[in-house]
Amino acid sequence: MAENELEGRKRKKRKKRVTLPQIGASPGTLFIDPDAPRPRLRVFGYSADGVEEQAACSLAELDRLKAKYPVVWLDVVGLGDEQLLRAIGERFQIHPLALEDVTHSHQRPKLERYGDDLFIVARMVFSPEDGVDIDQVSLFLGDGFVVSFQQREAEVFEPVRERIRKAVGRIRTRGADYLAYALLDSVVDGVFPVLEYVGNDLERIELGLFANPEPRALEEIQLHKRDLLSVRRAIWPLRDALALVLREPGGRITEDTRLYLRDTADHTVQLVELVESHRELCNSLVDLHMTAMSHRMNEVMKVLTLIATVFMPLSFVTGLYGMNFDTEHPANMPELRWQFGYPYAIGLMLCITGGLLVYFRRKKWI
Amino acid sequence: MAENELEGRKRKKRKKRVTLPQIGASPGTLFIDPDAPRPRLRVFGYSADGVEEQAACSLAELDRLKAKYPVVWLDVVGLGDEQLLRAIGERFQIHPLALEDVTHSHQRPKLERYGDDLFIVARMVFSPEDGVDIDQVSLFLGDGFVVSFQQREAEVFEPVRERIRKAVGRIRTRGADYLAYALLDSVVDGVFPVLEYVGNDLERIELGLFANPEPRALEEIQLHKRDLLSVRRAIWPLRDALALVLREPGGRITEDTRLYLRDTADHTVQLVELVESHRELCNSLVDLHMTAMSHRMNEVMKVLTLIATVFMPLSFVTGLYGMNFDTEHPANMPELRWQFGYPYAIGLMLCITGGLLVYFRRKKWI
Amino acid sequence: MAENELEGRKRKKRKKRVTLPQIGASPGTLFIDPDAPRPRLRVFGYSADGVEEQAACSLAELDRLKAKYPVVWLDVVGLGDEQLLRAIGERFQIHPLALEDVTHSHQRPKLERYGDDLFIVARMVFSPEDGVDIDQVSLFLGDGFVVSFQQREAEVFEPVRERIRKAVGRIRTRGADYLAYALLDSVVDGVFPVLEYVGNDLERIELGLFANPEPRALEEIQLHKRDLLSVRRAIWPLRDALALVLREPGGRITEDTRLYLRDTADHTVQLVELVESHRELCNSLVDLHMTAMSHRMNEVMKVLTLIATVFMPLSFVTGLYGMNFDTEHPANMPELRWQFGYPYAIGLMLCITGGLLVYFRRKKWI
Amino acid sequence: MAENELEGRKRKKRKKRVTLPQIGASPGTLFIDPDAPRPRLRVFGYSADGVEEQAACSLAELDRLKAKYPVVWLDVVGLGDEQLLRAIGERFQIHPLALEDVTHSHQRPKLERYGDDLFIVARMVFSPEDGVDIDQVSLFLGDGFVVSFQQREAEVFEPVRERIRKAVGRIRTRGADYLAYALLDSVVDGVFPVLEYVGNDLERIELGLFANPEPRALEEIQLHKRDLLSVRRAIWPLRDALALVLREPGGRITEDTRLYLRDTADHTVQLVELVESHRELCNSLVDLHMTAMSHRMNEVMKVLTLIATVFMPLSFVTGLYGMNFDTEHPANMPELRWQFGYPYAIGLMLCITGGLLVYFRRKKWI
Amino acid sequence: MAENELEGRKRKKRKKRVTLPQIGASPGTLFIDPDAPRPRLRVFGYSADGVEEQAACSLAELDRLKAKYPVVWLDVVGLGDEQLLRAIGERFQIHPLALEDVTHSHQRPKLERYGDDLFIVARMVFSPEDGVDIDQVSLFLGDGFVVSFQQREAEVFEPVRERIRKAVGRIRTRGADYLAYALLDSVVDGVFPVLEYVGNDLERIELGLFANPEPRALEEIQLHKRDLLSVRRAIWPLRDALALVLREPGGRITEDTRLYLRDTADHTVQLVELVESHRELCNSLVDLHMTAMSHRMNEVMKVLTLIATVFMPLSFVTGLYGMNFDTEHPANMPELRWQFGYPYAIGLMLCITGGLLVYFRRKKWI
């Protein structure tokens, strides 16, 4: 991560605010962000024989497609129009509480039954290069249709669209429950690249840790820990909700699709485990960082001690022979008048230095 | 947090004492705090057609409203009058143990059945600016009425009152169970702003951590950890109790209201997760603080070592030529009599300094 | 905690030994501590109409009371007489295994069924001023009687005795199961003051932590951690056992008493949570202590570094002009012969000092 | 622990190797350690009326005893003879998988049903003075007999033998299930003294920690942590297995013996809790050790700082007046020519020292 | 671990990449690594009477063996040919989702039912000398056959092959479910040597820790922690899946084989516990390392302090008598003119040194 990128991510984190539920508001109230883009309705109607796609559909067209095809997928991108959302809700008989959850942008992922219908809230992860960015995606599976709601256009559904268009695999021959599975599956699988990116970056940090234990590495690890926490919060509840749906037969999910959903549930479990192991790695790295810093400190201290321990006795000797005692008296520093006093002093100092070096060598300090 | 605010919060923490259960007291004993304000009874009676509100109701009036309207909400603020509380308890057939719990100000949140009636103890959070402040609120849901008990007037119920007055949403067309849900829901949602405040403050602390690792930051984190612990203790049991009520059909909660309660249960789960992630953040910040302090220490030590390592050899040289050996003898410090002895000594010292600087540069200390 | 008090508590901890179960001993063997006081039998027989109390009862008297009153409470204080204990066991048909558990002083708290009879082992906490002191109390609830066994007289039962004597509340009108509940409830509630004491002491320690991070504080926290561990071991199993009894209908506990027991179960849960939050606080305090010590160390190191960094260059200058180069040669230290050489040297040193102070100020060290 | 004892334990730890299961070996293969002693068969046959004991029994004798007595206990010590083990296995209809588990010396403790028969693997702890030493003991409870397998003679069964010989308690009047209980109970109770020994040693370490924070203490704590881990691995699975057996009625365990087994299960729970609390203590001690070391470091650093801070300014003063400026010029160090120059310098130094001491006193460093 | 080995392992870690699931791909898509070797089909057909083995079998041969023998084992090594894999899938009626899982090389271990058939994904560990290396192995148990898929030839199945060839034990007389058990059992048992290797290496590290607390030890521990994490991820899910299969009767696993599988499940539990205890050991070692480093630092600091504390006063004395006060004035340093001034100064310095040494001895620093 480059320095300004790190700065950028920190700023971004600060800007994003959780939309708090309005205390005491009547249930079913929609929370429309005034800055949100107006919804764009992309519709697919298909059967085993044919497919019809409309990138920006009107409500009237929608009715026609619903009547004509056994499976209809309405993809709503952007949540900025209360009227339109309510109209869609009525047309597809989406429960008001479900519709409210669609507009709350920080819902906990869940799978809820409303009668036979299944309402899914999941969290979708965006391109990880500039920090993990998580958006909510809601799916409503009714009788012969799936309505998906996104805040922003996500590329994660594109492969599913391609499969519908080109009739790849089974998708065109199966019902709406299979479509809901396919969408949920791509949302879940979209988390893997993010974790891989984080894993690689952690490895990079680990390699640089001993070379240069800077506190900046800590900040980066801290950011990754937060991202991992977000991903865990996005996946963990989904895992539990999927397990619950798999245990309870009935509802709109056929026995056959259930088999596929089991695969998706498996992936959520795998993701949770990956997140946990990445988080453990983060904690290990923090410990390693501390140790590397301690080790550096030890090195610095050792050098200081060596220098001080060698030069303090030497300076003492020079100080000794720098005293001004009256050398007339024979007891007062006779060395000063020796013919080889100076070489003797130098020799004395060399002896002291040598002795200390031997001592340090024995203590394995040098 | 300003310094005196921090001080203020610490003092406040110290003053607040848990009212301990009186050992061996007969069950059903009410615990009346002599300093508590006398109860004020605010009553709403309503049906789909009309609503009647009395800000300070008498017991006689209460009977009249109960007879007239299908749903009656009695809101008791202040718990300082045993007689009155007992009278209310008898009139609404509240079990003595429930009434006792109402007056114990540090009950664990719970949902309990007394026959068909439902007794709810929750904890309500107040304006977070001056520290998280938590009060108990009790709800008793009987046949056609809800009685709520609070120690202090809380603004958290005001939006519900407004919805009743203005018939916003479904509230006026539904029974007492829906009212109980609406009240519990506002109590739960009232915790979100507190967590947001704590989250923001933690972010502020994090940003200042590397700039200035003062122990005061630790104290602030410590206070937040305590607040988060209190919030968790206030929410966690509610989550479990709600899950239990949702699993068991029957009682006064209709199937339809159960759907709404599921939403509230969801919010408690989300709150618990937020608390946990904030607490993890706190722990990370403590680690970061430690690291920042270690890093500073390292910096200080490096400067000390550099200075000492450079000047000790230099001082040794000056000491050397400050010795008083008799320079009459040619072996004794001939340098002193050299024509350029002084420049030579200066040069020697410059060489030593240069060599050391190169050494430090190689060790990446400077 | 005063210093000698701390010492006293440490000594006390050392003296108290767990009585180990004798390996391979035949089950039903009683473990009589030869130093234990002889049992004193205090008996209450009561009905709604009357009460009879005997502070030191004989076995014959006991039979008379049992025949006369619907509820009899035998309180055995002191476990130092095997014959007497066995006689009581036979008279009340207490299972030999239960009787064995009574004499094992470090049983895990539990609620066990022997046929319809209920055997309760709980742990009772004594006055906390001189350290948490925990004793075992066993209750045996049979048909129309409760037998309680204690090692030492505990004040915790006194309020219950008063309620029986003065017919406060419902106690005299209910059966033996209600009495057992009342006794267990006072034992559980008796733990609250201890936790409050610990909580207050931890707060005191916290306030003194930054002022004076002495290792003694660590020792105190360590002692509190141990006490909290003991309390947890005393309460946690009770919580689980109570939950189990509440789930299973039948036995001697009537439906009505079950409602009251639910309250006691609630208190055990609350106690466990308090213990856990106190323990978390302990851990935080240990961290804070470490940080406070690190901070102090930083302070000390900074002073050392400042002093050394200022005076080492100055001493170098003085050493420089203390050298004995022959100033006859004009290149050798001409400063020494300058008219204002000394003021120049002083000025040089002032400049160095000033420069360093500016540098430190910029680094925010002073 | 004496130093050489510590060394001895470390060496011992290194020598002991886990016998790994042979990959892909056919199930039912016996793992005979060639160095293991040949089995010695000690048999008890008993009824309420009589008992017969044979210290080294032949297989023929065994058949006679089995026919004569309602309960037969065959105690096999040493597992070094495949033929003999297989012969015993056939005679008592022990499942080959159970027999294989008997010879695997590092089985996880478990209670397994083979039809009605019960196979128990437990772990037995030896005299703790020279380190916790754990051996496997297997019990096979069939119709009217118990076969126990041990690697080495353990004293833990001796009290049970005594009870059979002397008809202490109920043991002679009950069936083989009671015998199995009695044996398992002594194995479990045999762990208590070990934990007491560890607890006492930890206390000893704790007391010495502040006096002398040597790294050797860490090594000792580390060894204890390992021992505790081994004990936990030996007890934890037994606890779960016992709970399972107690929940499921049927098999060879009669209702009455089940009551006694409940007691044993209780003891395993208590042991697990003791182990956990000892392990927490270990962790606390490691923290305390770190703190004690930090505190010592602080002390050392403070002394260094005090000395350096006092003597550096003093040395500077002496250096100052040791300069050789030409005192002919009146501006150059006039102090040197003062009549009381030396006393003045001494006074100056005393002032500096005094000032610094006051400063340190204010900072609470001395 | 030698240094270059450590480097090698680090490089290897970096090279290995998880094959990410392709987002939105149609379920049943096979992921064929273009570099993977082409599959080699090794087949065993056997009954109690005979066995036929083909090291490189054609599909036609396969049909013949399937018709002839009651049990057929097809072992597919290498997954580099989509056509062939699909052909095998059809011939043995392997569900497309199962076949997809076979080709995903980083599946979570699991046991899944497809109708009556059982699909097992496990993870196999390779020779631990050059780092833990984990491969996926999939088993498909159908009616009378087992198909196993491996990426690389593993030696772990060789003993099973031998048992089939030589009719060791029961394997030839039992059905395909017993074969599946035998294969899974060898995979699980193959993990034990790896953990033993890690355990031994950790012990080696522990012994060297106090002698030389180098940060390299930390890196090694970190690598082991990662390996342990991988092993745990490979075993933990298997443990849960096996427990589930053992609880649910029915499917292709006969009651008798279930008894053997219980043994394998036991081994997975034991492995998980070993991994956990090794991981705890790793954490302890990190703590020990930190302590050893702190202790070394303390030692270094003490030496520095001793030297500085002794020589600073001495240097002060020499500086004192090196001052140039005019000794004409009697008050100015009369010592300089004393007859034994120099011996007096030496004596003074010896006194100071002696006093300090006594002080240090009392403080237990030397």
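I started with the contact between chain E and chain D: chain E puts in 54 residues and chain D 47 residues. I counted two residues as in contact if their C-beta atoms, placed from the backbone, lie within 7 Å.

This is a predicted model, where local features need pLDDT of at least 70, side-chain atom pairs count only at pLDDT 80 or more, and totals for chains, interfaces and linings use all residues. Residues are numbered from 1 along each chain as its sequence is written, and chains are lettered from A and ligands numbered from 1 in the order in which they are written.

I then asked which helices of chain E supply the side that touches chain D. Helix 5 (158-166), helix 6 (176-189), helix 7 (192-209) and helix 9 (255-320) each give at least two residues. Helices are DSSP runs (H or I, at least four residues), numbered from the N terminus. Helix 9 of chain E gives the most, with 30 residues.

I sorted this side of chain E by residue class: 24 nonpolar, 19 polar and 11 charged. Asp, Glu, Lys and Arg count as charged; Ala, Val, Leu, Ile, Met, Phe, Trp, Tyr, Cys and Pro as nonpolar; the others, Gly among them, as polar.

Next, symmetry. A rotation of 72° with 0.0 Å of shift along its axis superposes chain E on chain A, RMSD 0.1 Å. The two copies are thus related as by a five-fold rotation axis. I fitted by least squares on the C-alpha atoms of residues with pLDDT of at least 70 in both copies. E:Gly322 is the residue of chain E that comes closest to the axis, at 4.7 Å (C-alpha).
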